Amino acid sequence: MNRAFSRKKDKTWMHTPEALSKHYIPYNAKFLGSTEVEQPKGTEVVRDAVRKLKFARHIKKSEGQKTPKVELQISIYGVKILEPKTKEVQHNCQLHRISFCADDKTDKRIFTFICKDSESNKHLCYVFDSEKCAEEITLTIGQAFDLAYRKFLESGGKDVETRKQIAGLQKRSSRRSRCWIQELETENTELKNKVQDLENQLRITQISTSPAASVTPKSPSTDIFDMVPFSPITPQSTTPTRNGTQPPPVPSRSTEIKRDLFGAEPFDPFNCGAGDFPPDIQSKLDEMQEGFKMGLTLEGTVFCLDPLDSRC
């Protein structure tokens, strides 16, 4: 893996940009496996990984196990490793996470790339065996990285700025919504107090004008089911029913949860859990920017375009 790849400005790639941006380029290969490496780049790093996985393959071969076949689908969105028959995706390596790619010049069947795992953030070296296409696959990954990097420069900065503006609008909207909700709750409380005052005044007026006001109040009448009618403004009566039994207690309304005039719980967007909102996409854009800024080393030469401009 000691031959450096020199990319000239006028170099023509093997595939059309449309083939990699709108579709993908498929390849068949044998998958020797992946192993963790300490560095994201370096010929010695991948050489040690290839030697380790080759040794593991010989052991498995002596035990009667065959090297599994896989299908590679290369596009500007990454390198997918699939099971050839079921098309089940085994690994999905995004291009901005791939930092090194090379084919072995001592063994032209072997090619490899280093990718940062999205979950563990560890650098993994993937090693493959292709009888005729090792170098072509390496160059195809390089071309896909080239196109993806250009696409990110053209639209990435605009996307970042747009998303920042949207985030600002969402924050202002949340503040306005909170103030509006508080105003509605205050208005509902005032209306409730007014209604309560009117009911109390009406009740006092009815009692004072009633001819039986000086007479000892009778037991409240009961309905056809021998139950005392419920009134939300009178305290719970303990007067026994006609059959001599106490009426069942009216369950008290819980005051722990405040509800509005329509019986709904007040909504507070600032008390919602983190799972109620979509994840922050700014960190994803920052991760892509950092990955493209590192560049893709293709057979010993850093493969990237002009430095990231201020738009990103």
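## Cysteines

A disulfide is taken here as a pair of cysteine sulfur atoms within 2.5 Å. By this rule, the count in this predicted model comes to 0 disulfides. Cys93 takes part in no disulfide, and the nearest cysteine sulfur, that of Cys115, lies 4.0 Å away.

Is Cys93 buried or exposed? Cys93 counts as buried because its relative accessibility is 1%, and buried means under 20%. Cys133, with a relative accessibility of 23%, counts as partly exposed.

## Positive patch on the surface

Which residues gather in a patch of positive charge on the surface? The patch is formed by Lys30, Lys61, Lys66, Lys69 and Lys85.

One of these lysines, Lys69, is placed in strand 2, which covers residues 69–75. Lys69 counts as exposed because its relative accessibility is 59%, and the exposed class is over 50%.

Pro68 belongs to the loop between helix 2 (43–62) and strand 2. At 46% relative accessibility, Pro68 counts as partly exposed, since that class lies between the limits of 20% for buried and 50% for exposed.

Pro68 and Lys30 are 38 residues apart along the chain, and a distance of 5.7 Å separates their C-alpha atoms. Lys30 is also one of the residues in the patch of positive charge described above.

Definitions and conventions: Residues are numbered from 1 along each chain as its sequence is written. This is a predicted model: local features need pLDDT of at least 70, side-chain atom pairs count only at pLDDT 80 or more; totals for chains, interfaces and linings use all residues. Side-chain values use heavy atoms; hydrogens and water are left out. Patches are made of residues with over 30% relative accessible area and no salt bridge: like charges are joined within 9 Å, nonpolar side chains (Val, Leu, Ile, Met, Phe, Trp, Tyr) within 5 Å. Accessible areas come from the Shrake-Rupley method with a 1.4 Å probe; for residues, only the protein chains shown count as cover. A salt bridge is a side-chain nitrogen of Lys or Arg within 4 Å of a carboxyl oxygen of Asp or Glu. Lys and Arg count as positive and Asp and Glu as negative; His and the chain ends are not counted. The place of a charge is taken as NZ of Lys, CZ of Arg, CG of Asp or CD of Glu. Helices (H or I, at least four residues) and strands (E, at least two) are DSSP runs, numbered from the N terminus. Buried means under 20% relative accessible area, exposed over 50%, partly exposed in between (1.4 Å probe, protein chains only).
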